[in-house]
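This briefing is meant to be read beside the sequence and the three-dimensional view. Please keep both open while going through the topics below.

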Amino acid sequence: MDPNRDNPIIRFTTFWWGIGTFMIFALLFAVIWFFYHKPVVSLEDVVAKVRYETKARIQQEQTASLPRESIDAAIPAVARTLAVAKPAAVEKPDQVVPDTPTARRLAAETPATPEPPKP
Amino acid sequence: MSLRTFVLCLTASFGIAWLAIIVIPFFEMRELAPVPYPEAKSTSAGIFFPKRTGRVMTGARVYAENGCYQCHTQLVRPTYAGNDLYRPDWGGLKMDPDRGDTRRETNAWDFNGEKFAQIGTTRMGPDLSNLGRRLETSDGSSADPAAWLYAHLYNPRNNPKLWNSTCPPHPFLFEKREVKEYRAPDALAVNVGENMEIVPGPDAKALVSYLISLKKDHPVPAALNFTPAEK
Amino acid sequence: MSSATTNTQDALVRSGIDRSLRHPVMFFLMSGAVWLSFALLLGVIASVKTSSPGFLGHCGFLTYGRVYPAHINALVYGWGMQTAFAVILWLMARLTRRECTMTGAILTAGHVWNLTIGLGLIGILSGFGTGMPWMEFPPFAWPVLLASYCVILVGPFIQFRVRPEERGNIAQWYLLAAVIWFPWIYLTANVLLHCVPGHPVMGAAINAWFRSALIFLFFTPVALGTASYLAPKVTGNPLYSDSLAKLGFWSLAIIGPWAGMQKLTGAPIPYFLPYLGGAATALFFIPALAAAVNTIRTIWPSREVLTVSPTLRFTLAGMVALVLLGVAAVILNLPDSMLPATQFSFSGYGFEILALYGFFGFVMFGATYFIVPRVTCREWISRRLIRWHFLFSLYGILTIIFVTLIGGYQQGLGQESWSLPWMKAVDAGVSIAVVITFAWCLILFSNIFFFLHLTLMWLRLGRRGSQPTLLACSPGNLGPAASGPATAH
């Protein structure tokens, strides 16, 4: 055995060269990936972009037609009107809340309504 | 020849092919530009977007795990590569009631939503690209494609028309249980004894949902339309 | 230094190498034989199910869609790779005259390999397969297998580097190339399919390329390197032509990496990919014929040795299979006439089995019958077992080749007859399936003999003697190394 060709140092370095040779194309791919990859844009992303733009536009128009300041300005006026208004008795029997003394009194007074005709 | 020269020559001979047929096409296919299709409905943003409804990811996983790709393909080849397009119901429908002849070859967006296209290795069973469409229209199954598929998956040879089918039975995708107050709506029409019924398990439901979503005959924009122009 | 002393020194070096390799080589050969028997059993079950789907129909873990991938993966990774490991380790050590120094690491890695294959097969049969043909092991398996591979086969790489003679012979180049190519193709396919998101159809294309590359760039060079060593060694003739050998090697290196994507002709991938794949597969006949002619012409002047040497008989059968493979590669891939019909028929399966078992397998069996006596210092016990192994395997593989390649074309024609209902095409396939089942049974039967015989040798129950086990009484004057006694060289 010629010590110039076979010694532990050469074996050690050849071991790592061997592992490196096995991995060349993985390393090469990693390099290519690092430089050239872009995030994948799927069809759903393209369609979603349009959808989000539409949604943003609608949001904008809705907020524009209903500005905060005019709501804040309107509230005190309505509040004042409500504050001076006196509670008035209910006029139509439809507006009576069910299961209250008024409703029971009304039910006792009015005759039974005929059954609606069957469809 | 020294080891170093040998490895270099091997790297060159392998590397050129590796770049040309693997890596570059891999990157190109990742970045396929959507094809413009302005005549499509407004929800498609003017691009060709074959939407699929159904449990595509889960169903594709069940499809792969049970090896359906060993016997079924999902590739309708153009006419220079095979006769798939001539069959009346593989590439679409020859006589769709609304659109006429909807048959077309598979294009790159037909596997939208799947991670690995189950092109298939052999055809011991029919191609499945348009299974969903086929089941909606052929006799006897237009009532309920899902029920037909459940019955087929449970035991293909139960169907008298497929008495010599080589598709394996998949009873393990189903559950046998006692009938509760009433039979389940998706219980199979198989007699398994007094008061017992067979219902599809979760894997069967996912798989059938995936199979019914297989409709690859969406109208294509001009850039992808290879049918000869009308004379 | 007298020639007698040199011969003795040579013999001492050789027996030192054999002794250092006894455990690794026998481990891989035995593991391979076990996995082969298991794979063949699964193959018989799968094959029965193609004609009688109800066979063992209640078992979810034996459904065709799981049993068939388990069969192929056990065959390729369990038997094919491990037999290749054994042969590469022994041949590279002998050719570079270096002893094996990594025995412990190699055996550990071998056990890890077996464990991973076992767990992977359980995964496939339990329904956790990935759905990618020939890569169905659940995703945990491939990094472990790759790491084991590196531990097992970095040794031959080192041995080649520190070899005493500058000139390598063709067997060394083939084996070294195979050792380097496998991680390249395995890593590429697995990283691009499992680790990095890509287009689904391109994934299918890369998978098709991987299947072809595994055959052309790993199993083929291992078998060719082995045959280039065995034929001259057993007959005593020099290799017929060095330049033909070099042509064979470099044409394989240049043509091989381009093949595979013709399996996806008509799919929505760049148009040139399937055509390049088909052209490269057809051009495979160049390295196939070059190597086969070279080996057969080396054997031919001493063809009487074929009657006695099991090694030579198996090697020659492998070379004939290689010629058939080269011819099949051309015929199955003719673009307009044959490829549309054969693309999705049994013919592809027949081609793969011809390559894996007919060509690679037979050469590996030849190598096994050569190596095991040298490494265990015992001779094979029974020539009848060897003969039965050869004959039943031969009948089985010939049946499979004939039926799948020709019957597959018939099946493909049925598939392409678009005006007939689909069930007619199914009928064409059923009779093929029955014959294939029968052929697999023959092959399983033959390998039971092989496995038993190999186990006896592994347990060192072989025959002690100075005369090798030959297939017939030796006709007088054979070549100096005609599967000669283990101690002679």
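The model is a predicted one, in which local features need pLDDT of at least 70 and side-chain atom pairs count only at pLDDT 80 or more, whereas totals for chains, interfaces and linings use all residues. Residues are numbered from 1 along each chain as its sequence is written, while chains are lettered from A and ligands numbered from 1 in the order in which they are written.

**Chain A**
- Chain A averages a pLDDT of 85, and 89% of its residues score at least 70.
- The secondary structure of chain A consists of four helices and zero strands, in the order α-α-α-α from the N terminus on.
- Of the 119 residues of chain A, 5% count as buried, a residue being buried if 20 or more other C-beta atoms (placed from the backbone) lie within 10 Å of its own, exposed if 12 or fewer do, and partly exposed in between.

**Contacts between chains**
- Twelve residues of chain A are in contact with 14 residues of chain B, contact meaning that the C-beta atoms of two residues, placed from the backbone, lie within 7 Å.
- On the side of chain A that touches chain B, helix 1 and helix 2 (43–65) of chain A each supply at least two residues, and helix 1 of chain A gives the most, with six residues.
- The residues on that side of chain A divide into ten nonpolar, one polar and one charged, where Ala, Val, Leu, Ile, Met, Phe, Trp, Tyr, Cys and Pro count as nonpolar, Asp, Glu, Lys and Arg as charged, and the others, Gly among them, as polar.
- The contact between chain C and chain B takes 67 residues from chain C and 54 residues from chain B, and the chain C side divides into 41 nonpolar, 21 polar and five charged residues.

**Helix 1 of chain B**
- Helix 1 (residues 3–30) of chain B bends by about 45 degrees at B:Leu19, the bend being the angle between axes fitted to the seven residues ending there and the seven starting there.
- Buried residues in helix 1 of chain B include B:Phe14, B:Trp18 and B:Pro25, and the buried residues of this helix pack against helix 1 (8–36) of chain A together with helix 5 (170–195), helix 6 (200–235), helix 7 (242–255) and helix 8 (272–283) of chain C.

**Nonpolar cores**
- The largest nonpolar core has 193 residues, with C:Ile88 and C:Ala205 having the most contacts inside it; such a core is a set of buried Ala, Val, Leu, Ile, Met, Phe, Trp, Tyr and Cys residues joined through C-beta atoms within 7 Å.
- Helix 6 of chain C gives the most to this core, with 23 residues.
- A second, separate core of 28 residues includes B:Tyr63, B:Tyr150, B:Tyr210 and B:Leu214.

**Local points in chain C**
- Helix 4 of chain C bends by about 35 degrees at C:Leu153, and a proline, C:Pro156, follows within four residues.
- C:Leu394, in helix 13 (residues 383–416) of chain C, counts as buried because it has 20 C-beta neighbours inside 10 Å.

Notes
pLDDT = per-residue confidence, 0-100.
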